[in-house]
Amino acid sequence: MGETNRFAVISSSALFLAISGFSLYKFLRYEQIDGASIFFNFLALSYVLNSLTWGGLQGDKNKDELEHHIETQSTKMSYYGLMVFSGLILFVSEGVGNLRNIENYPLLIVVGLTFVVQPFTALIYSRKYK
């Protein structure tokens with residue numbers, strides 16, 4: 001692991017631990033969870049994972065064929081994972097199994113969009129290259 005890679009992993013891990021620690025402190029001390037804490041924890045975790053995978057915070061700019069394949073496949077799998085998790089969150093948060101009883105329309109729209117974003121993007125790219 002190079003010096004830059006080591007710095008990226010250490011700094012992103014320290015950032016994640018600091019944000020997580022502060023969020024945990026707020027929860028334990030004030031019994032409060034806010035959206036900013038959740039969002040920034042996920043953002044910092046993404047930097048940690050990116051630095052562990054590619055050795056830098058933004059990733060490697062000069063990717064070979066294997067790295068490009070890994071990125072393409074992981075992107076596709078993460079999209080489907082996000083689709084499943086957003087559906088689960090919708091049904092668990094609403095506590096219903098019937099779509100007619102769901103009242104959180106913004107989250108329902110987001111779940112619906114997960115079904116059309118990838119096919120729509122594929123349509124645009126297929127038209128671009130035909």
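The questions and answers below take up the model's basis, its helices, its surface and some residue pairs.

Reader: What kind of model is this, and which pLDDT do side-chain atom pairs need in order to count?

Author: Residues are numbered from 1 along each chain as its sequence is written, and side-chain values use heavy atoms, with hydrogens and water left out. This is a predicted model in which totals for chains, interfaces and linings use all residues, while local features need pLDDT of at least 70 and side-chain atom pairs count only at pLDDT 80 or more.

Reader: How are the axes of α3 and α4 arranged, roughly parallel or roughly antiparallel?

Author: Helices here are DSSP runs (H or I, at least four residues; strands are E, at least two), numbered from the N terminus. The axes, which are lines fitted to C-alpha atoms over the stretch in contact, with angles from 0 to 180 degrees between N-to-C directions, come within 9 Å for α3 (residues 65-94) and α4 (residues 105-129) and cross at roughly 160 degrees. Angles under 35 degrees count as roughly parallel, over 145 as roughly antiparallel, 65 to 115 as roughly perpendicular and the rest as oblique, so α3 and α4 are roughly antiparallel.

Reader: Which residues form the nonpolar patch on the surface, and which element gives the most to that patch?

Author: A patch takes residues with over 30% relative accessible area and no salt bridge, joining nonpolar side chains (Val, Leu, Ile, Met, Phe, Trp, Tyr) within 5 Å and like charges within 9 Å. Here Leu-24, Phe-27, Leu-28, Ile-33, Ile-38, Phe-42, Leu-45, Leu-49 and Leu-52 form the patch, with about 910 Å² of accessible area together, as computed by the Shrake-Rupley method with a 1.4 Å probe, where for residues only the protein chains shown count as cover. The elements giving two or more residues are α1 (3-30) and α2 (35-54), and the one that gives the most, with 5 residues, is α2.

Reader: Is Leu-52 buried or exposed?

Author: Buried means under 20% relative accessible area, exposed over 50%, and partly exposed in between (1.4 Å probe, protein chains only). Leu-52 lies in helix α2, and because its relative accessible area is 53%, Leu-52 counts as exposed.

Reader: How many salt bridges does a search of the whole structure find, and which side chains meet in a salt bridge?

Author: A salt bridge is a side-chain nitrogen of Lys or Arg within 4 Å of a carboxyl oxygen of Asp or Glu, and the search finds 1. Lys-26 is buried, with a relative accessible area of 13%, whereas Asp-34, at 25%, counts as partly exposed. The side chains that meet, at 3.0 Å from N to O, are those of Lys-26 and Asp-34.

Reader: What is the phi of Glu-31?

Author: Most residues other than glycine have a negative phi. Glu-31 is found in the loop between α1 and α2 and counts as exposed at 69% relative accessibility. Although Glu-31 is not a glycine, its phi is positive, at about 50 degrees.

Reader: Asn-104 and Glu-94 are 10 residues apart in sequence, so what is their C-alpha to C-alpha separation in space?

Author: Asn-104 lies in the loop between α3 and α4 and is partly exposed, with a relative accessible area of 27%. From C-alpha to C-alpha, Asn-104 and Glu-94 are separated in space by 7.4 Å.
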